Amino acid sequence: MPDKEQNTQKDFMIEKIKQRPINRKKLLRRTVITASMAVIFGLIACVTFLVLEPVISNWLYPEVEEEPQTVVFPEDPEEMLPEEMLAENLPTESPSPSPEPGPEPEPESIMLDQEQIQEILSGVVLDRDNYKELYSAMSAYVAELEQYMVTVTAVTSNIDWFSNVQESRNQTSGIILNDNGRELLILADARILRSAESMTLTFHNGGQANAQIKQMDGYTGLAVLSVPLTELPPGIDKESMTYPALGSSNSSRLAGTPVVAIGSPMGIGNSVGYGMVTSASYIYSVPDRNYKILQTDIGGSRNASGVLFNLDGQIVGIITDNKTNSGMEGMIYAYGITDLRSIMIKMSNNNRVAYLGISGLDVTSEANSELGVPMGGFVTKVDMDSPAMLAGIQQGDVITAVGDREVAGFNDYTSSLMLFEPGQTVEITIMRQSQEEYKEMNFSIEVGEAKK
């Protein structure tokens with residue numbers, strides 16, 4: 001019995017513990033998983049670095065972005081009468097020599113009367129060659145002006161009944177106005193731009209660039225578009241670029257002035273029309289502003305767009321649809337450029353436009369002398385629920401001052417109001433008829449914002 005226990009103990013002591021065999025498939029799987037996780041974490045680290053590096057760089061080394069320059073358009077040039085223009089091209093008599101040396105007298109300009117002008121013009125005879133030269137010169141003139149024009153292509157997507165996406169493209173013409181040091185500014189008709197998903201500008205050399213709406217005016221239907229100067233196409237750069245001059249549409253002799261319509265006056269891009277201004281007496285009235293409408297004898301499309309240039313290379317009008325309600329259909333009409341200046345400055349600088357809701361006209365000298373109406377801006381209409389109506393301004397009031405600026409006519413009221421921003425308070429002085437006399441009244445009105 002003791003021998004048996006001793007043998008059992010001996011057997012126990014000589015037993016070997018075997019190690020678990022290596023599972024190669026499991027080891028390979030873990031190795032692959034570890035390597036994959038390392039790759040994934042490496043990719044995440046790279047992506048995180050790429051995303052955060054610009055943010056960290058801008059935080060550590062912020063870039064100082066230049067403020068855009070304020071865009072200002074010059075005032076109207078002084079009006080020159082036709083006889084003065086003729087006299088300017090005529091030679092003047094040389095002064096007789098002075099026996100003693102001294103400063104030479106300035107030459108005197110020659111003023112011509114109507115008979116002398118007619119005599120000069122009657123000696124001018126034009127033949128076929130002159131006619132050909134005239135149109136060749138006009139064609140060359142238009143080619144010079146085309147550098148200021150762009151074609152705006154607006155892209156809009158619609159979904160039909162079968163859920164198919166249909167892309168539509170519409171075009172209008174725009175005029176390059178100026179730049180603010182960061183962006184190129186273009187004035188264009190906004191009718192096709194309101195619902196556009198993207199806009200492409202095509203310049204005179206065929207180069208293209210994407211544009212954005214900077215600001216839009218709901219009353220004129222015009223918009224200012226912008227393109228970063230860094231994104232201009234090859235051949236279009238700020239250093240070599242020139243901008244068109246603005247003329248005057250307030251001339252007393254505007255009717256009969258020859259003009260050139262370029263852009264899309266015929267409803268087709270890069271079309272042109274020659275003619276003259278036949279009327280400049282119609283006033284298109286909108287709240288707080290009046291626009292002179294220039295009517296021409298140039299036949300055009302109902303969808304016309306573009307610009308009217310005079311023969312001095314100056315813009316005198318921006319083409320629009322017929323707002324005169326006259327029977328002259330199919331003719332080119334345009335906003336007078338002088339009345340557009342203030343709203344062009346506002347839109348070019350992306351400033352909000354003031355609104356009180358007053359429509360009006362100038363008080364004529366006849367109404368002042370015969371009826372005793374004070375000189376100023378005569379209120380013809382006040383918009384319902386507008387700041388002016390809520391303050392108490394009424395139809396028939398005469399605006400005589402805006403703040404500390406006197407108002408001699410409705411245009412003075414407009415230019416004074418444009419100096420204010422929405423939310424500010426403006427002091428309006430009016431004269432209101434009470435029985436047989438006019439009494440002065442003052443109103444403090446919070447300025448609203450014009451529709452876009």
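In the predicted model, Asp217 is buried, its relative accessible area being 1%. The side chain of Asp217 meets that of Arg289 in a salt bridge, with an N to O distance of 3.1 Å. This pair connects distant parts of the chain, since Asp217 belongs to strand 5 (residues 208–217) and Arg289 to strand 10 (residues 289–299), 72 residues apart. Arg289 has a relative accessibility of 2% and therefore also counts as buried, the limit for that class being under 20%.

The contact between Asp217 and Arg289 is one of the salt bridges of the model; a search of the whole structure identifies eight. Another is formed by Asp397 and Arg432, whose closest N and O atoms lie 2.9 Å apart. Here too distant parts of the chain are linked: Asp397 is located in the loop between helix 8 (387–391) and strand 17 (398–402), whereas Arg432 lies in strand 19 (residues 425–434), the two being 35 residues apart. Asp397 and Arg432 are both buried.

A further salt bridge joins Glu449 to Lys452, with 3.7 Å between the closest N and O atoms.

Methods. Residues numbered from 1 in each chain as written. Predicted model: local features only at pLDDT ≥ 70, side-chain atom pairs only at ≥ 80, totals over all residues. Heavy atoms only, no water. Salt bridge = Lys/Arg side-chain N within 4 Å of Asp/Glu carboxyl O. Helix = DSSP H or I, 4+ residues; strand = E, 2+ residues; numbered from the N terminus. Buried < 20%, exposed > 50% of the residue type's maximum accessible area, 1.4 Å probe, protein only.
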